[in-house]
Amino acid sequence: MNIAMRAVLLAFAAGFAASAIAQVQPESAGGNPPAAGEANPAAAAAPQERTKVFVGAGLGGGFGARSKINGRSASFDDQLQGTTDKTSLVAVNVASFGIAMRPGLFAGIDLTGFAQGAKAPNGDKTTLQVTNYFAALTWFPWESGLFLRGGAGLSRFVSTVGSTTESSGGLGFLVAAGYGLQLSGAHHLTLTVEQTWQSYGGSSATKPDSSQVGAVILGYMWKP
């Protein structure tokens, strides 16, 4: 999870940097001040509205993770049965980004990963992982606070046992709801509940036909 944690920290840093840049005001052009009674061109000009964006990231726990192999649906816990040192199902929102299409509605991306690991009786490390690369729409009904998100895109399922890795690619879908609590200025603390579904278009003894996983994610969002 080191790479995921670095991605989260990078998103946090990007948010603070964007906040600092947004607060810099352009200096007024040089020249003599306007004479008394003469309109100031800068003051008369209507302020230019900046493009609104949001950037977010987060870390949390997954739930309900399962996959369907050869017509049999099994949870991640069932698939790791007989192993030791089993970890919790971890969910990472590597990055969420959106650019305003109209007030309250943002189009962008949502990148998430879910993973659970354990150790096989022979000592081999076993890992089950789902990664989603989604285009997403995020809607803030009141332009702040509550938000709803839906997305679709590419998904990947990876199963690793020791040095053997099996992977399947396909399409996935996302629905989510969350709340952004304003801390200061553009900085928000977020809590998001999401559910994803994946379809890989065929299975074998080791590759799934489909999967699904949900998550509760605590995160950070920069949104002016």
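Start with the largest nonpolar core, which has 14 residues. Select Phe76, Leu89, Phe114, Val130 and Phe157, the residues with the most contacts inside this core. A nonpolar core is a set of buried Ala, Val, Leu, Ile, Met, Phe, Trp, Tyr and Cys residues joined through side-chain atoms within 4.5 Å. Buried means under 20% relative accessible area, exposed over 50%, partly exposed in between (1.4 Å probe, protein chains only).

This is a predicted model: local features need pLDDT of at least 70, side-chain atom pairs count only at pLDDT 80 or more, and totals for chains, interfaces and linings use all residues. Residues are numbered from 1 along each chain as its sequence is written, and side-chain values use heavy atoms, without hydrogens and water.

Next, select phenylalanine 114. Its contacts (heavy atoms within 4.5 Å) beyond four places in sequence include Leu89, Val130 and Val213.

Move to alanine 115, in strand β4. Strands (E, at least two residues) are DSSP runs, numbered from the N terminus. Is alanine 115 buried or exposed? Alanine 115 is buried, at 16% relative accessible area. Leaving out residues up to four places away, alanine 115 touches Ser88, Leu89, Val90, Leu128 and Gln129.

Now show β5 and β6 (residues 146-161), an antiparallel pair with 14 bridges. Strands pair if DSSP finds at least two bridges between them. Find tryptophan 139 and its bridge partner in β6, leucine 148. In the hairpin turn, glutamate 143 has a positive phi of about 65°.

Finish at β7 (residues 164-184), joined to β6 by 16 antiparallel bridges. Glycine 150 has valine 175 in β7 as bridge partner. Glycine 162, in the turn of this hairpin, has a positive phi of about 60°.

How values were computed. Helices (H or I, at least four residues) and strands (E, at least two) are DSSP runs, numbered from the N terminus.
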